[in-house]
Amino acid sequence: MSGGKKKKECIPRCEFKKIFNINNINDHLAELSAVFKQDGIVCISLEGKLDQRKVVGDMVQQIFGYLPYSEEYLLKLRSPDGSVLNIRNPDDKEAIITELLRVPMTPENVNELNKAYPPHRQFGGPCVVQSFHNEDANEMRQDEDINNAAEALLGTRFLWCPINRCFVRPPKTGTHTLLHWDWDPRTIESEDNQELQGKVCVTEGTFVCVLGSHTPEFLEKFCALYEPLYQGRKPGVAKYGLDPNKDPMRLFEEQRAYIVPACCLVFWTNRLLHGHAIVGRDERMQIGFYQGYQRSISAQQRMECQESYLNGTVPRLYPSGDNVCFYPRKFLNFPDHFKSVAKKLSAEARAELVTTRFTKAGKEVVDVRPWGWPKDHCFAPFPFTEKGKRIVGIEPWEGFREPDAPPSDNGGIAQAAGHDQLAAKIRVVDAANGGMAQARASKKRPLGDSESVHDGEVQMPARQDQLAPGSGIRVRDSGPATRK
Ligand SMILES: [Fe+2]
């Protein structure tokens, strides 16, 4: 469809008919549920719970300030008086926040941001470990009022808020053809497997969706019309995307970009067809984090949550089941991308991270290992409340039977034993990953390793002591951050 691209570039903007307020949400839970049932999406203002400048400052400092880059490639913005603002200088923090929130950002600062961006710039989704461990995001995950809203929408008190990443979208980022479901719409059958997807927009953002695409009637019609056009797709595979050239219901024309005001949370059902809008050249930076809820967690998932939260690691999977990949997959086909990453590294980091791999054609090319926390950074687990630990999956809910817990007359003891076995399993996987890390440290990857590494199966450092240190990084501490 030749006209499809034009239409996608200017998705009509809309406003939400109603924005709920988190401060009185407990008095409006019935209305919240009714709007969610009708539209498949709700917007809630987090007024008073988030300090925009603090979140933007901390998030950007953590993601960009910890990169193992040489001075030349570290984020430096320019203030209107011409002075250079350095991401590693706490004295520049407030001025950097001001420049990031400026609308529009100066072209020079946009260029600097793009130059300093870690892999996944085009998608605006940094997958460095710091992106998954933001303290404001953790605070929102365990927030009582937000949890009450999620409980009402999902109809269960056994919630699980999976770990997810931040997003930092500079102007002119985003991709066109991303109208999709994160779950295969053909497998969404009943209320029981409904999940809540969500994101918190710390600066004003957008959420693209096709309203009404979550109803059983819509899904039935969709499956009948699109199944013949999308043959060969295995049922149940994460991320079901649509092709604008195969769109008999003209869903690409139906989609709308809803404006999400700053410091608002949107929840949408996993049945809702949704997408992304490109951030325009003169639009503000979009900054925030993903925050969804599911109604059950397996013992295996819980062990993985514990691992991530307690040791500060990257999760293996996104809530949708997609692999978390440090580098975009296209990097594998275009080795020059790795050369560009290698060029940005400090001399010390280059010595530790740059290696080579062999392509399928047998050619030796540059490769760069993923990195974790800086060598001199001591990760401290976030101090979740007792209930918060259950919500994020660190502890089990009392009275909730995890689907993969071993059957027994004495559930508690059997579950505990099962968890021990799982813990042992994870330790074995860790050991295997450690072995892989050692193999890489020999400067040559074993043949055939790169596919699985870059598919995200084993590419993320599994534990603090296995992280390739971002050597030479010195982030001057600006003192303990305050939490609201
Ligand atoms: Fe999605």
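Tutor: Residues are numbered from 1 along each chain as its sequence is written. Because the model is predicted, local features need pLDDT of at least 70 and side-chain atom pairs count only at pLDDT 80 or more, while totals for chains, interfaces and linings use all residues.

Student: What makes a residue count as buried?

Tutor: Having 20 or more other C-beta atoms, placed from the backbone, within 10 Å of its own; 12 or fewer is exposed, and in between is partly exposed. Buried residues make up 41% of the 484 residues here.

Student: Why is a set of residues called a nonpolar core?

Tutor: Because its members are buried Ala, Val, Leu, Ile, Met, Phe, Trp, Tyr and Cys residues joined through C-beta atoms within 7 Å. The largest one here has 98 residues, and Ile44, Cys264 and Val266 have the most contacts inside it. Helix α3 (residues 52–65) gives the most to this core, with 6 residues.

Student: What does Ile44 touch?

Tutor: Leaving out residues up to four places away in sequence, Ile44 touches Phe20, Ile22, Ile25, Ala149, Cys264 and Leu265. A contact needs C-beta atoms, placed from the backbone, within 7 Å.

Student: Why is α3 described as roughly perpendicular to α4?

Tutor: The axes of α3 and helix α4 (residues 93–101) come within 9 Å and cross at roughly 100°. Angles of 65 to 115 degrees count as roughly perpendicular (under 35 is roughly parallel, over 145 roughly antiparallel, the rest oblique). So α3 is roughly perpendicular to α4.

Key. Helices (H or I, at least four residues) and strands (E, at least two) are DSSP runs, numbered from the N terminus. Two residues are in contact if their C-beta atoms, placed from the backbone, lie within 7 Å. Axes are lines fitted to C-alpha atoms, for helices over the stretch in contact, and angles run from 0 to 180 degrees between N-to-C directions.
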